[in-house]
Amino acid sequence: MPLEILKQGAEGRLYLGDFKGESCLIKERFVKKYRHPELDTQITRQRMKAEAKAAGRCLAAGILAPRIIHSDLNSHKLYMEYFDKAKTAKQFILDTVTSQSEDLAKQSLQEFCTRIGSIIGKMHSNHIIHGDLTTSNILINPKGGDYDVILIDFGLSHYNQATEDKGVDLYVLERALLSTHSEQPYLFEHILTALPHGMRKGRAGCSIQVRRSESPRTQEDDDWLTNNKL
Amino acid sequence: MVCALGIEGSANKIGIGIIKDGEVLANVRRTYITPPGEGFLPKETAKHHREAILGLVKASLKEAQLEPSNLDVICYTKGPGMAPPLLVGAIVARTLSLLWDIPLLGVNHCIGHIEMGRLITGAQNPIVLYVSGGNTQVIAYSNKRYRIFGETIDIAVGNCLDRFARIIKLSNDPSPGYNIEQLAKLSNRYIKLPYVVKGMDVSFSGILSYIEDLADPGKRQNKRKKPQEAEVVDYSQADLCYSLQETIFAMLVEITERAMAHCGSNEVLIVGGVGCNERLQEMMRIMCEERNGKLFATDERYCIDNGLMIAHAGAEMFRSGTRMPLEEAFVTQRFRTDEVLVSWRED
């Protein structure tokens, strides 16, 4: 069955397909011919694993991310949940700015940034480093009159407690905002102010307050992974 | 009609170029070449430039068949770069400006590269990969600025190559990067090296330390590490050059591709000294073909630092009404690409 290409991102191609009857999004990391084959295989495998792992970790921590249904390392395909009504944060910001009056747009974007900030705070307090936080990698999924914020594209992610890595994560976001949304310079500031909210609300709280033995991550993570047959 | 003379001397090249409405009238350059195993130091480089610059100014005017009175503006590199060599260009530019009574303009070196690349290749609004001995940036134009999407978080890619060439004592003539490229053609054995991409950014210093260890294991031995007896793998210099190029260029192509996907652009322009590496151009071309994009690259005349690019960028600035009082005609080592207001582009 020829699959319909939804989009070609930097990392791979996105198709709409199904896995055992369940419709899903297929992300294929095709072979990059410019890279040495050995290097390419190594990078592709590493990123696919990272993506599946981090998406699982996020869900376990109560952060919305696509559910990974199946991963096939041989054909470089990842089968995941598809949000058909979602659009990227980049598009959302552009749409908001063009469709609303300046004050109103500013207000709703501030609200939006606060939400993103608290989600990133939550993610970082669970020591998940996204690795490629840009407005193209944040989805807005409409839900009733409201929306959900979903993080995607965890290919460069890793698990690390180091503050430096979390800092680099935010730095990448800051620069992505500066270069793509230079007309809304206030965005990053609001994200930054909202960071601690997520950290307080996160189940694990701040890493400093939680003793290692109490960290709820491992057990739940494992349960989740077994339930989802990863 | 703007006729501009540009003086470039931010690193080990001193170059003078004259351009008149996009038409190249003169492009002369001299390179300070150090012995194998040595890099160029600021003081010695400045001395070299001081000795060469006046001859080059005369040669360029002769080549262009112009008198000083035909010039509309004198441009020089204001930064970024090494201060002593930059000063040589600035002092000569200020003197000529006062002597001949011609307006003076300081130009950002990176902007010079970008504008020259656009002029030569005809690329309209490309994603720019600027790779040289001192800079590594992925740049996209938006809202009157050249915005930096990704860059190196430590040393520049050219610096990584140059320093590796120094370790294995390759000749600096015509350039260390060129000699690495030639040596790499002799091998196809890939040695696994660290691959460091952080979001849109890259890092090379760790790769350099790692390959330094491979090239010269005795030199920087980790004291805590026990000498391994069985594992004596002998890599040839060609293998190392090949692997280094494959790894770091793959990183550069990847961040460029990321920027393309994020901006929805399908044009890439490579500028800067490392940009004339044919392997890098080849890899970038393959990536562009996979995405139905188009690659624009130039050869060594315009890729490597030259006076022409300063003249051209300065002419564009001059045409759009930018002026600079003499008091501001200083040089600065830190001058980021996105500090410049791009007044000459309408889009």
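Domain bounds, as used here, come from an automatic or database domain assignment. The structure described below is a predicted model.

**Chain A**

In chain A the assignment gives domain 1, residues 4-80, and domain 2, residues 87-213. Between the C-alpha centres of domain 1 of chain A and domain 2 of chain A there are 22 Å. Contact between the two involves 14 residues of domain 1 of chain A and 17 residues of domain 2 of chain A. On the side of domain 1 of chain A that touches domain 2 of chain A, 9 residues are nonpolar, 1 is polar and 4 are charged.

Chain A has 6 helices and 10 strands. It contains 230 residues, of which 40% count as buried. Among the contacts in chain A with a separation of 6 or more, 68% join residues 24 or more positions apart.

Helix α1 of chain A covers residues 37-60, which is 24 residues. From its first C-alpha to its last, α1(A) reaches 35 Å, close to the 34 Å expected at 1.5 Å a residue. The buried residues of α1(A) include Thr44(A), Arg47(A), Met48(A) and Glu51(A). Further along α1(A), Ala52(A), Ala54(A), Ala55(A), Gly56(A), Arg57(A), Cys58(A) and Ala60(A) are buried as well. Just after this helix, Gly62(A) adopts a positive phi of about 80 degrees.

**The contact between chains A and B**

The two chains meet through 25 residues from chain A and 27 residues from chain B. On the side of chain A that touches chain B, the elements giving two or more residues are α1 and α4 (163-180) of chain A. Of these, α4(A) gives the most, with 7 residues. By class, the side of chain A that touches chain B comprises 10 nonpolar, 9 polar and 6 charged residues.

**Domains of chain B**

Chain B is likewise divided into domains: domain 1 consists of residues 3-114 + 304-339, and domain 2 of residues 125-302. Taken over C-alpha atoms, the centres of domain 1 of chain B and domain 2 of chain B are separated by 27 Å. Their contact takes 20 residues from domain 1 of chain B and 25 residues from domain 2 of chain B. Helix α3 of chain B (residues 109-121) gives the most to the side of domain 1 of chain B that touches domain 2 of chain B, with 4 residues. That side of domain 1 of chain B divides into 9 nonpolar, 8 polar and 3 charged residues.

Strand β6 of chain B, residues 127-131, is mostly covered, with 5 of its 5 residues buried. Ile127(B), Leu129(B) and Val131(B) point one way from β6(B), while Val128(B) and Tyr130(B) point the other way. The pairings of β6(B) are listed below.

| Partner of β6(B) | Residues | Sense | Bridges |
|---|---|---|---|
| β11(B) | 267-271 | parallel | 4 bridges |
| β7(B) | 136-142 | antiparallel | 4 bridges |

In β7(B), Val138(B) is the bridge partner of Leu129(B). β6(B) and β7(B) form a hairpin, with 4 residues between them.

**The nonpolar core and Val268(B)**

The largest nonpolar core has 159 residues, and those with the most contacts inside it are Cys75(B), Leu252(B) and Val268(B). Helix α7 of chain B (residues 237-263) supplies the largest share of this core, 13 residues. Leaving aside neighbours within four places in sequence, Val268(B) is in contact with residues including Pro126(B), Ile127(B) and Leu129(B).

**Gly273(B)**

Gly273(B) lies in the loop between β11 and α8 (278-290) of chain B. Gly273(B) counts as buried because 27 other C-beta atoms lie within 10 Å, and the cut-off is 20 or more. Apart from its neighbours within four places in sequence, Gly273(B) is in contact with Ser132(B), Gly133(B), Gly158(B), Gly177(B), Cys303(B), Ile304(B) and Asp305(B). Thr45(B) is 228 residues from Gly273(B) along the chain, and 18 Å separate their C-alpha atoms.

Definitions and conventions: Residues numbered from 1 in each chain as written. Chains lettered and ligands numbered in written order. Predicted model: local features only at pLDDT ≥ 70, side-chain atom pairs only at ≥ 80, totals over all residues. Expected span 1.5 Å × (residues − 1). Buried ≥ 20, exposed ≤ 12 C-beta atoms within 10 Å, placed from the backbone. Contact = placed C-beta atoms within 7 Å. Nonpolar A, V, L, I, M, F, W, Y, C, P; charged D, E, K, R; others polar. Pairing = 2+ DSSP bridges. Core = buried A, V, L, I, M, F, W, Y, C linked by C-beta atoms within 7 Å.
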